[in-house]
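Visitor: Could you walk me through this model? I'd like to start with how the terms are set.

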Amino acid sequence: MYVLRRLLALVGVLIVSSFLVFSAMYAAPGSPENFLVQGRTVTPEVLAAIREQYSLDDPFFVRFWNWLTNVLQGDFGQSLTNRQEVGDLLANRLPTTLSLVALSALIIVILGIGLGIIAGVRDGIVDKIVLLGSTVGFAVPTFFAALLLMSVFSVGLGWFPVFGSGTGFLDRLWHLTLPALALALPSAAVVARITRTAIREERDSEHSVMAIARGVPARIVLRRHVIRNSMLPVSTIVGVHIAGLIAGSFVVEYAFTLDGLGTLLVTAVQRKDFAVVQAIAIILVAGFGIINLLVDLLYAAIDPRVGTRHAS
Amino acid sequence: MKRFVKRMGPLGMVAVGIVLVVVLGAVLAPVIAPYDPTVGSVTQRYLGPSAEHLLGTDQAGRDIFSRLLWGARSSLVGPLIVVVVTAVFGTVLALTSVWFGGLVDSFISRILDLLFAFPNLLLAMLAIVVFGSGLSTAALALAVAYIPYTARVIRSTALRERNLPYIRSPQLQGIAGPVITVRHLLPNVAPLIITGATINFGFAMIELAALSFLGLGVQPPQADWGLMVSNGQQSLQKGYPAESLLAGLCIVITVAALGYVGEKLGGRAAAGRKA
């Protein structure tokens, strides 16, 4: 029931937000046909033909309905700048963005949770370093991290390629390592900090103290009681940050000139290619919503109390 | 004041000091900056640090120190717009929905849910497509994206206060809702609003700098930290890292200082961020 309700809510949000995005593009100053002829003087007949071709004379709601039904069938229309099918453009770009986000997510989980656990378990200097690192790491904008990594490891040491996203699995991994690191850094910093706090709270909780008092070996207490229980709050934070990667990815893609959705979006925004912006916006909102939904469902699965609380 | 110092601790006071220095630099930029930030000279390109140019010059021969000072202005004004607009609208929406409850509350909540569906930067970029690029468009759009976070936190706290006797009793005496809300409810959520604004300021600074980096925020030749990072990208690859590096460090230090102050004030929860 809970799953169904959430799915319906997501569909509702998607329909309303696609309406919002569509009307925003509709209301934007500058008419598409002027954009298409790009300042050349053309006869009214040609203009009319263009308007006809792109169905610009139809009433607003008719246009919205046509667009929405086409999108649902996988047809996103044509790009205004180079006449390519938007669907094809997106399909070419999607793998890069997905790999980038997946790799970043992996780094966040390994680096963030790993460092957080170390800092939570060890006191003293290790803890201080991780704490300081997370305060600073959080404040580093992704584009600045991208620039630093690029100049040190690509230009300076030559260990990694400067741009492009590579072909084949290993080559792609090699190309995407630095961008994924840059993208993951601020989130990993936050996750490390939250994990540290959660671990410390669990360590001081009565059941852990009690287990130690019963003579259970410290390693087992740590593994079975402390880490397991502290992963509950950590899992939501990780989820929120993975969803957030979608928006962050376009800055990093642009900095590394990767051919992902983000770079496509930025150039489309710069050139006012409404068809492309519209399509990417909807896809990003959908991706964002789906990841958020999955995170909530996962959380409900880990902690059975959540589902009942939402349903009430 | 004494309580504030005690709460901040020594490191916190250093952070407050850093923020004050940045603000002073921005305010006094016309007085302190030795050169015009937008005018350079071809013969003075890529100079190292010297008595004449404290931090050297960039690829157009402009004084980097002056550009950092002037850049502090747009880098602070942008987030200020975001934070003020977010705080005002977030508070008004939250308090309205708490006071009336029922249909009004669910209506406002639905609208906020819808805004939650858009990643912040995406919303800003959509606004830029429609209204054109520039600092004010970017800042206002980002503010709209932040409103649901702020409103949610204030709403949940105000909701607890709503049924306490100090709110209920003036209501029974027939005092008007807006008066009670402003006189009694608002002061009790005010600390939350201020803490949230401090945390959001850092987020806004990073995201606005990112938009300027993408060429969608502050436009050249104006000085702005995010713009300077992207502007210095080519110089960096030629072996002159000063511009990008210094501007980036300015962002990192300011955001880290603000984040630390915010954390001491009440933590990220106050900004409505789960993290």
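Guide: A residue is called buried if 20 or more other C-beta atoms lie within 10 Å of its own, exposed if 12 or fewer do, and partly exposed in between, with C-beta atoms placed from the backbone. The model is a predicted one, in which local features need pLDDT of at least 70, side-chain atom pairs count only at pLDDT 80 or more, and totals for chains, interfaces and linings use all residues. Residues are numbered from 1 along each chain as its sequence is written, while chains are lettered from A and ligands numbered from 1 in the order in which they are written.

Visitor: Which peptide bond is cis?
Guide: The bond from B:Pro220 to B:Pro221 is cis, with omega near 5°, and B:Pro221 lies in the loop between α8 (177-213) and α9 (225-231) of chain B.

Visitor: Back to chain A: how many helices and strands?
Guide: Chain A has 13 helices and zero strands. Its C-alpha atoms fill a box of roughly 90 × 55 × 35 Å along the principal axes, and of its 312 residues 38% count as buried.

Visitor: How do α11(A) and α12(A) cross?
Guide: The axes of α11 (residues 261-271) and α12 (residues 274-302) of chain A come within 9 Å and cross at roughly 140°; axes here are lines fitted to C-alpha atoms, for helices over the stretch in contact, and angles run from 0 to 180 degrees between N-to-C directions. The two helices are therefore oblique to each other, given that angles under 35 degrees count as roughly parallel, over 145 as roughly antiparallel, 65 to 115 as roughly perpendicular and the rest as oblique.

Visitor: Which residues make the contact?
Guide: From α11(A) there are A:Leu261, A:Leu264, A:Leu265, A:Ala268 and A:Val269, and from α12(A) there are A:Val276, A:Val277 and A:Ile280, with contact taken as C-beta atoms, placed from the backbone, within 7 Å. By class they are eight nonpolar, no polar and no charged, where Ala, Val, Leu, Ile, Met, Phe, Trp, Tyr, Cys and Pro count as nonpolar, Asp, Glu, Lys and Arg as charged, and the others, Gly among them, as polar.

Visitor: And how many residues of chain A touch chain B?
Guide: 39 residues of chain A are in contact with 35 residues of chain B. α10(A) gives the most to that side of chain A, with eight residues, and the side as a whole has 31 nonpolar, seven polar and one charged residues.

Visitor: What about the largest nonpolar core?
Guide: A nonpolar core is a set of buried Ala, Val, Leu, Ile, Met, Phe, Trp, Tyr and Cys residues joined through C-beta atoms within 7 Å. The largest has 158 residues, and those with the most contacts inside it are B:Ala124 and B:Leu142, while α10(A) supplies its largest share, 17 residues.

Notes. Helix = DSSP H or I, 4+ residues; strand = E, 2+ residues; numbered from the N terminus. Contact = placed C-beta atoms within 7 Å.
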